[in-house]
Amino acid sequence: MKKKYKSLFAITFAVFVLCGCTKSNKSIIRMQKLEEGIDHPTSEEELKAAIAKYQTRVADNQLADSQVGVWYKMLAVRYLDAKMYGQALEYFQKAIQFQPTNQNLYYYVGLCAGYMAKASLDYKATGAATTTEKYNYLKLAESAYLRAIELEEKYGRALYGLGILYVFELDQSEKAIPHLEKLLSFDTRNFDAMFVLARAYYMQGDYEKAASLYDKIASQTKSEQKKQEALSNKKIVLDASYSK
């Protein structure tokens, strides 16, 4: 455990050294002028030389920014592994500032936000069924998963995360159905996703589809536990359909 937290401290220190010692833009420009010997180029040759030198600077800055983003992600993953979801969420968000098109970062933001929603209890004992903080975390998770899918259409983990979120947390099972159906169109033996989708069908009153999906799970899974769970759920669905 000590080793884990030492590594967390080392990565945190490295990131803060890089990001905490930044100068103002004016100071950076002044230093670049001094180092490169460029002040106010006027002739064609001077302008071309200035462009060439500053292009090198841009490439260096891009490389540095990319590395900082990687370190933020590494630090966030360490916190996630330690189940410190608030800190992990913070550093995944920082990593996104450097890698705004990385779908994996958005998935992890959604995952951490979901965990934080579960930790957002009614600590003041007001009697409220839900809290604003919990709802905000759930909406953050939703937007993060949607962004991940926008970046990678067949991102299975994000599609499944949305399914869980809509069915079990936000009580919006109708929104879960298209995402879970898409997931199962290419991940055809994802039995966990089948269970969630069958639940969504059931909650929407589509008992025939729900029962059919539970049949499919029972006939294809190699897990006896999942088979029995599917058959039990199918009975519940059929009982509900007969009582209509």
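Me: Is Ser-120 buried or exposed?

Reply: This is a predicted model, in which local features need pLDDT of at least 70, side-chain atom pairs count only at pLDDT 80 or more, and totals for chains, interfaces and linings use all residues. Residues are numbered from 1 along each chain as its sequence is written, and side-chain values use heavy atoms, with hydrogens and water left out. Buried means under 20% relative accessible area, exposed over 50%, and partly exposed in between, with a 1.4 Å probe and protein chains only. Ser-120 has a relative accessible area of 7%, so Ser-120 is buried.

Me: Where is Ser-120 found?

Reply: Helices (H or I, at least four residues) and strands (E, at least two) are DSSP runs, numbered from the N terminus. Ser-120 lies in the loop between helix H5 (103-119) and helix H6 (132-151).

Me: Which residues does Ser-120 touch, not counting residues up to four places away in sequence?

Reply: Contact means heavy atoms within 4.5 Å. With residues up to four places away in sequence not counted, Ser-120 touches Thr-131, Glu-133, Lys-134 and Tyr-137.

Me: Which backbone oxygen does the side chain of Ser-120 reach?

Reply: The distance from the side chain of Ser-120 to this oxygen is 2.9 Å. The backbone oxygen belongs to Met-116.

Me: Are H5 and H7 roughly parallel or roughly antiparallel to each other?

Reply: Axes are lines fitted to C-alpha atoms, for helices over the stretch in contact, and angles run from 0 to 180 degrees between N-to-C directions. The axes of H5 and helix H7 (residues 156-169) come within 10 Å and cross at roughly 25 degrees. Angles under 35 degrees count as roughly parallel, over 145 as roughly antiparallel, 65 to 115 as roughly perpendicular and the rest as oblique. H5 and H7 are therefore roughly parallel.

Me: Is Lys-216 buried, exposed or partly exposed?

Reply: Lys-216 is found in helix H10 (residues 207-220). From C-alpha to C-alpha, Lys-216 and Met-194 are 8.8 Å apart in space, and they are 22 residues apart in sequence. The relative accessibility of Lys-216 is 35%, so Lys-216 counts as partly exposed.

Me: How many helices does the protein chain have?

Reply: Of the 244 residues of the protein chain, 35% count as buried. The chain has zero strands, and its number of helices is eleven.

Key:
Polar contact = N/O pair within 3.5 Å; in protein donor to acceptor, adjacent residues only side chain to side chain.
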